[in-house]
Amino acid sequence: MTDQGTGAGGATPPTSDGWVARDAAVVWHGFTQMAAYAGSAPIVVDRAEGRELIDVDGKRYLDAISSLWVTTLGHRVPELDAALRSQLDKVAHSTLLGNGSRVAIELAEALAGVVPVDAPHIVFASDGAAAVEQAVKIAFQYWTNQGIEGRHGYLALGNAYHGDTVGSLSVGDGGFGTDVFDPMRFPVIRTPGYDDPGWASKAIAAIERHADELAAVVLEPLVQGASGILVAEPDDVAAVGSACRRLGVLLVADEVATGFGRTGRLFASEWSGLRPDILCLGKGLTGGYLPMSATVVAGAVFAAFLGEDLGPKTFYHGHSYGGNALAAAVALEHLRLLQAWDVLDNVEARAGQLADLLAGRVAGHPAVRVVRQQGLMVGVELAPPRPGLRWGRRVCAGSVARGVLLRPLGDVVVIMPPLTVTDGEVIRIVDALTAALDDVVTESGDLT
Ligand SMILES: *Cc1c(COP(=O)(O)O)cnc(C)c1O
């Protein structure tokens, strides 16, 4: 196995085994079988530079999953570090419940200027799931506040992923082992996801049939990320958006994964000219620095919550750390940098380069079934000769051993590099991936 790209680790004896044991003794990792964790060669990160993570042994890994899709500009961006340090000299946190925070106001104003939502009002939280949870509750109360009865339902799509809290899990589809929670989910009307070419007309037919019972339609505009990067036609998303408008059903756009430039526009809704009533933001909001999410609500929905003080129209919901000042300061500077650095131009150029390389070297590979891509969101679906070979895991492990950090969703290898990824780094990702693909084909040849 080549050590190419793993940097300075070679001469020093590995110390990570000790760290992995300490880790497994006290940390419970999400979406991870802890009985197998220590044996699965996890990397233990100590620090980072640019787009590389550096582990406790000093080995370097290109962060080709943007630390699970959150990192936009890279790690330790001097401008973001400075914004965080200077906010520390003012205040780290003060509550938004009933009181204001200067930097949260500045961030909300900056977001209001760029989000595809009319007359936006912003409810802050800390995780994407909470942003969706808030959206679901706001949509529900929007109808009851107006004395309109029976609008308790939600329409959501097959393959949808909206987070892991009970409400966001309910609008999300099954999978990832979450079926165990099915009895906890509230029922929703579910129509097919983006893997069905007729998904939009089926959704529209269902919205027409159930309009009187629906509080909202919830969808991930353009790309269903967690289901393996399934990409829709912008016109189809637009058609579902106009059906919601025509039939008077609220549209919740979950842009937790797609927001902040990931798809090649600042927000994926823009590809379809979508103006959602409620927009959920998370992941890239702080450039990957701090946990902050936001539910952006159109003025017409917000207005339905205005009424007498302490009265029933109030939105009785709020998280302790919502609008955290440190996160807000970083998010504000991050928005400025996205524009100042013309990050979307780099997304377009690198996405084009990546598409060419994948078409030339990966799409026709015997280990690959199909490649899907939108901007810098890529899913490489593998074609294992039989089930149970865990090719997704093995291809990613082979890539990690070559200094490129990848993580699969089942047998889909996800490539989600930071938006500032360079020409050379794109090549490094494809080199590591193709070598790892060659390995599984060779190994499976040996097995048969
Ligand atoms: C990641 C994700 C979420 C959940 O965000 P968390 O911060 O992990 O709670 C919700 N929706 C989409 C589309 C996501 O990709």
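Leaving aside its neighbours within four places in sequence, which residues is Leu406 in contact with? Leu406 meets Ala64, Ile65, Cys396, Ser399, Val400, Val413, Val414, Ile415 and Leu433, where contact means heavy atoms within 4.5 Å.

The views below show a predicted model, in which local features need pLDDT of at least 70, side-chain atom pairs count only at pLDDT 80 or more, and totals for chains, interfaces and linings use all residues. Residues are numbered from 1 along each chain as its sequence is written, and side-chain values use heavy atoms, with hydrogens and water left out.

**View 1. The contact between the domains.** The chain is divided into domain 1 (8–73 + 342–445) and domain 2 (79–340), with bounds that come from an automatic or database domain assignment. Their C-alpha centres lie 28 Å apart, and the contact takes 27 residues from domain 1 and 31 residues from domain 2. The two domains bury about 2200 Å² between them, 66% of it on carbon and sulfur atoms; buried area is the accessible area (1.4 Å probe) that two parts lose on being put together, summed over both. Trp69, Gln374 and Met377 supply 28% of the area that domain 1 buries against domain 2, more than any other three residues.

View 2. Val103 belongs to helix α5 (residues 102–112) and is buried, with a relative accessibility of 8%, where buried means under 20% relative accessible area, exposed over 50% and partly exposed in between (1.4 Å probe, protein chains only). Not counting residues up to four places away in sequence, Val103 touches Gln87, Ala325, Ala328 and Ala329. Leu437, in helix α14 (residues 423–447), is buried at 0% relative accessibility. With residues up to four places away in sequence again not counted, Leu437 touches Val362, His365, Ala367, Val368, Leu382 and Val395.

**View 3. Aromatic pairs.** Rings of Phe, Tyr and Trp (its six-membered ring) pair if their centres lie within 6.5 Å, and planes under 30 degrees apart count as stacked, over 60 as edge-to-face and the rest as tilted. By this rule the count comes to 7 aromatic pairs. Tyr142 and Trp143 form an edge-to-face pair, at 4.9 Å centre to centre and 80° between the planes; Tyr142 is buried at a relative accessible area of 13%, and Trp143 is buried at 7%. Tyr194 and Trp199 form a tilted pair, with 4.6 Å between centres and 55° between the planes, and both residues are buried. Phe31, Tyr161 and Phe176 are linked by ring pairs into a cluster.

**View 4. Arginines over tryptophan rings.** The charged end of Arg22 sits over the ring of Trp19, 4.2 Å from its centre, and Arg265 lies over the face of Trp271, at 4.1 Å from the ring centre. A charge sits over a ring if NZ of Lys or CZ of Arg is within 6 Å of the ring centre and within 35 degrees of the ring normal.

How values were computed:
Helices (H or I, at least four residues) and strands (E, at least two) are DSSP runs, numbered from the N terminus.
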